[in-house]
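Here is a short briefing for a reader meeting this structure for the first time. Please look over the sequence and the model before reading on.

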Amino acid sequence: MVSPIGRMGNDELGPPWLKPLLRASYFIPCSIHGDSNKSECNLFCLDCMGHALCSYCLINHKDHSVVQIRRSSYHNVVRVNEIQKYLDISCVQTYIINSAKIVFLNERPQPRPGKGVTNTCEICCRSLLDSFRFCSLGCKLGAVKRGDPDLTFTLRMKHSRDAFHGGSESDESSTPKKIRRTQIFNRMMMDSPAISSDGHNNYGGERSASSGDEATTNISRFSPATPPIFNHHNARRRKGIPHRAPF
C-alpha cells in the first residue's frame, strides 16, 4: 500500500493531504479535550488527513507524520524544515520569524501594492521578492490548477556529489588552514636538498653527516630573531639631585 504522504492526487494537484491541510481550522478548542489546558488544535496528521489535532490527540498518531501549524500576523504558517520533507515548496516566498524560516498556508490578499513594487504574487497580487512567484502554498496550488507545466508539488531526488563520486570531500579540504600550512612547510623542508661541506647536493637517501645540522640551520632561518634585552632598572633610575637656580 502506498502511503498518502508520497502519493499524488488523482488530478496531480499535489498529495491528497494538501487540500485538507489548507482548509482545516486551527487554533480552536479541541472537541475531545476541550476541558484540558493547552488543548488548542495546532497539529495536522498527514496520514489521517482529518481535522486539526491538539497535543493530547497525538497518542492516537504515534507512528504518523504530523506537522505543527503556527501563527504569524493572524495567518497560519508552517516551518520550512517540517513541510519540505513532504512537499516541493519552490517558487513560494519564505519568511523568517523567531529565527525560523516559514511559509504561509493560504493566500493573503493585499489591497494595493506599495510604491516601487516590481513583483507580486500571481494569484493574490501580494508584493514579493523578485525570485518568487507565490506568497503561500495555497496560491501555488491555484497556479497548478491553471495547468502551469513548470509547477509541481512532487519532491525531486537530489543527487549529491558524494553519492555520484562514491566518496566524500578530500581530507585536504577539511583540514584547518594552520595545520595544512605546517604540513606544507615540513614537506618543503624534507624535499629541499641539503648542502654538504664539499658543495654538492644530497638528495633522497644519500644524506651526509652534516645534513642534520644544515636542516637545523635552515629551520633557524625561518624562526624569529631574539628580541634585545631591555634593562628596566636603568629605565627607572632617577636623574641627579635637582639644584636651585641662582638668584
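Predicted model: local features only at pLDDT ≥ 70, side-chain atom pairs only at ≥ 80, totals over all residues.

The chain has 247 residues, and 29% of them count as buried. A search of the whole structure turns up three salt bridges and zero disulfides.

**Overall make-up**
- Eight helices and seven strands make up the count of elements in the chain.
- The accessible surface is about 18400 Å², and carbon and sulfur atoms account for 53% of that area.
- Take the contacts between residues at least 6 apart in sequence: 41% of them join residues at least 24 apart.

- Side chains of opposite charge can pair when their charged atoms come close.
- Glu82 and Arg70 form a salt bridge, with 3.4 Å from N to O. Glu82 sits in helix α2 (residues 80-83) and Arg70 in strand β2, so this pair ties together parts twelve residues apart in sequence.
- Glu82 is buried at 18% relative accessibility, while Arg70 is partly exposed at 21%.
- Arg133 and Glu122 form another salt bridge, at 2.7 Å from N to O. Both residues lie in the loop between β5 (100-104) and α3 (137-145), eleven residues apart.
- Arg133 is partly exposed at 22% relative accessibility. Glu122 is partly exposed too, at 37%.
- Asp148 also meets Arg133 in a salt bridge, at 2.6 Å from N to O. Asp148 lies in the loop between α3 and α4 (161-165) and Arg133 in the loop between β5 and α3, so the pair ties together parts 15 residues apart in sequence.
- Through shared partners, Glu122, Arg133 and Asp148 join into one network.

**Cysteines**
- The cut-off is 2.5 Å.
- Cys54 is in no disulfide either; the nearest cysteine sulfur, in Cys57, is 3.5 Å away.
- Cys48 is partly exposed at 38% relative accessibility, whereas Cys54 is buried at 0%.

**Backbone angles**
- Most residues other than glycine have a negative phi.
- Lys38 has a positive phi, near 55°. Lys38 is in the loop between α1 (18-23) and β1 (43-45), and is exposed at 74% relative accessibility.
- Met49 is not a glycine, yet has a positive phi of about 55°. Met49 is in the loop between β1 and β2 (66-72), and is partly exposed at 28% relative accessibility.

Methods
Residues numbered from 1 in each chain as written. Heavy atoms only, no water. Buried < 20%, exposed > 50% of the residue type's maximum accessible area, 1.4 Å probe, protein only. Helix = DSSP H or I, 4+ residues; strand = E, 2+ residues; numbered from the N terminus. Contact = heavy atoms within 4.5 Å. Areas by Shrake-Rupley, 256 points an atom, 1.4 Å probe, with all protein chains shown as cover. Salt bridge = Lys/Arg side-chain N within 4 Å of Asp/Glu carboxyl O.
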